[in-house]
Amino acid sequence: MSLLYLTLRSLGQRKVGVALSLLTIALSVFLLLGVERVRADARQGFAGSVSGVDLLVGARTGPVSLLLYAVFHVGEATNNITWKSYQDIAAMPEVAWTVPLSLGDSHRGFRVTGTTADFFRYYRYGRANRLSFAAGKPFDDLYDAVIGSQVARRLHYEVGDTIVLSHGLGGALLAQHADKPFRIGGVLAPTGTPVDASILVSLPAIEAIHLDWRSGVPLPGAATTSEQARHADLAPKAITAALVGLRSRLSAFAVQRAIDDYPEEPLLAVLPGVALGELWHLVGTAENALRVVSAMVLLAGMSGMLGTLVGMLNERRREMAVLRAVGASARVIFALLVIESTLLTLAGMIAGWLLLALVTAVTRDYLLVNAGLVIDQTPAPGEWPLLGAVFAVGVLAGCVPGWMAYRRSLADGLQVRL
Amino acid sequence: MIPYGEDAPLLRTRGLRYAWRDSENALAFDDLVLGRGERLFLCGPSGSGKSTLLGLLAGVLSPTDGDVSVLGTSFAAATPAARDGFRANHLGYVFQQFNLLPFLDPMQNVLLGCAWSRERAARAGSSRASVRGEARRLLLALGLDARTTFHARTGELSVGQQQRVAAARALIGGPALLLADEPTSALDMTSRNAFLRLLLEECRRHGTGVVFVSHDLSLARHFDRSVSLWQGAAS
């Protein structure tokens, strides 16, 4: 009759207490791992906002500022870059591809990005995922727009609907580009990136809607109709920023320096990873707060288990005395309790882990669509040390009742004082 | 039958004294000597230190002064682990009540008597099956019926049945010495005598010596010798 068998049978005898104890541990493991998973995935999603882009180019400003307005649609660009500079960069021998971004317009609070069809080819998010269409296709007409999943969901748009863009980014009384309405040609699948909240149109379309505008106001008297605009010169003169892909990552620093030293215009090229790191640093406090909460949760769970084990100890004194009488040493008594808490911890860990797998599987789509959070089904690397810590704390916690029982069985002898 | 310390008596105590940690009064016990297979009745009122003495004789408690030796093995000279091993090999113990682990069935409770001693298991039988056979024989010999032995759950047993299972556990593998702490006090007079008769019969069969503690003097007639703890209790 092994100690493991005795422990299992003894646990089976105390089903209610054991179940409560298991529940406590499982819930705390679930919360601990859940918080860690969300933390890691939020970070991953953040870092994956511009994956596959080697350089981000804009007018000279701060790297974080460029990242914020070009990728996260926070704040506004102070300057544009000329189409000529953009073409010079695209022509550099190290550059494999470029995608222009032209910002500045909006539609009911969502920002409009003027770009080319290459955006759908080269943009990557998360671990090198490509954009995919939930409905429709990339723009092929001048007045086609592609909208992100969040735009479609919030404004109840679908392919074929007509929208009017506003000039500028905020405020209620924006000037409308009412004379040149757009047709929604495609809806993107959720990505968990700022693309979800974007309206994408072609660069010539951006030119077309601004044909009669100077310095942000429409020219009085001049009114080019949308059909006339199709025949106007729609070659872009300036863009806000550009995504650059290189033939080899090794040349990133050389190209970055070349762009920074571009003689005809003050430009800035940033490595997105570096700028993202700086930006994440700013929100790192929230991350630490989450970690502290996780640790508290674990502590509470373990105290719960400890309480249950110590509470059970009294009703088990008779069991201990019987085992002592048949020759079990006080060390065996200690071992029994440590085995018990180890089993409880292990079972609680497995239950908590399974619960997390279940919950993430069930809420995955909901979280992606509603919170823009891509929850990974595979455990985050930070979860293994956490599980190890839970296990260690569980075994250590088991030593407390183990030690109490050990001392007691030495002092009591074979008598049980109840 | 027991090839262990051939010349030594079964049990010998010398100048035993025991003080609980927080108490200034020590219990002092008269010296005891018990021969192989001898059956001793120890009587004394509650509080005379009977359970403490049994704890000392079992090697679970360590005396403040003096020594216990069983089969020539001195407990004072042995480590706690060695005493635990010795107890598993050579001693059987029956409590006043609540002898059984409720989560094991009656048969497993009996086999628990060999769980910490290979030597004991080997004496009970050469194979797993024969050890179980011996456990079954003991249970039946101690007056349990076959249905109870094989099918009842431990929680369903009456106090009398529990004590029989406990006696079987203490006696499996033929220990040299059986220590019994008022095992019959919860039984009525008729079953008390019947139980005691069967218990002592099994002890005789194995050549097991007995130290039987009780305040019920009417039981003394079943034993070779009686000793009163009364005069030794105070000090």
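Predicted model: local features only at pLDDT ≥ 70, side-chain atom pairs only at ≥ 80, totals over all residues.
Two strands count as paired if DSSP finds at least two bridges between them.

**Chain A as a whole**

- The secondary structure of chain A is made up of 13 helices and 17 strands. Its radius of gyration is 31 Å, well over the 22 Å that the globule rule gives for 418 residues, so chain A is more spread out than a compact globule.
- Taken along the principal axes, the C-alpha trace of chain A spans about 105 × 45 × 35 Å.
- Buried residues account for 39% of the 418 residues of chain A, and among the contacts in this chain with a separation of 6 or more, 79% are between residues 24 or more positions apart.

**Chain B as a whole**

- Chain B contains nine helices and 10 strands. With a radius of gyration of 17 Å, close to the 18 Å that the globule rule gives for 235 residues, chain B is as compact as a globular protein of that length.
- The box filled by the C-alpha atoms of chain B is roughly 50 × 35 × 35 Å along the principal axes.
- Of the 235 residues in chain B, 44% are buried, and residues 24 or more positions apart supply 77% of the contacts in chain B that have a separation of 6 or more.

**Strand 4 of chain A and its partners**

- Strand 3 (residues 95–107) and strand 4 of chain A run antiparallel and are joined by four bridges, with A:H107 standing opposite A:F110 in strand 4.

**Helix 1 against helix 12 in chain A**

- Helix 1 (residues 3–13) and helix 12 (residues 330–371) of chain A pack at an angle of about 60 degrees, and their axes are 10 Å apart. The crossing of helix 1 past helix 12 is right-handed.
- On the helix 1 side, the residues in contact are A:L3, A:L4, A:L6, A:T7 and A:L11, and these meet A:V332, A:A335, A:L336, A:I339, A:E340 and A:L343 in helix 12 of chain A. Sorted by class, this contact has nine nonpolar residues, one polar residue and one charged residue.

**Where chain A touches chain B**

- The contact between the chains draws 17 residues from chain A and 27 residues from chain B. On the side of chain A that touches chain B, the elements giving two or more residues are helix 1 and helix 11 (317–325) of chain A.
- Helix 11 of chain A gives the most to that side, with five residues, while by class the side of chain A that touches chain B has six nonpolar, seven polar and four charged residues.

Note on methods
Residues numbered from 1 in each chain as written. Chains lettered and ligands numbered in written order. Axes fitted to C-alpha atoms, helices over the stretch in contact; angles between N-to-C directions. Left-handed = near helix turned anticlockwise from the far one by under 90°. Contact = placed C-beta atoms within 7 Å. Nonpolar A, V, L, I, M, F, W, Y, C, P; charged D, E, K, R; others polar. Rg over C-alpha atoms; globule rule 2.2 N^0.38 Å. Buried ≥ 20, exposed ≤ 12 C-beta atoms within 10 Å, placed from the backbone.
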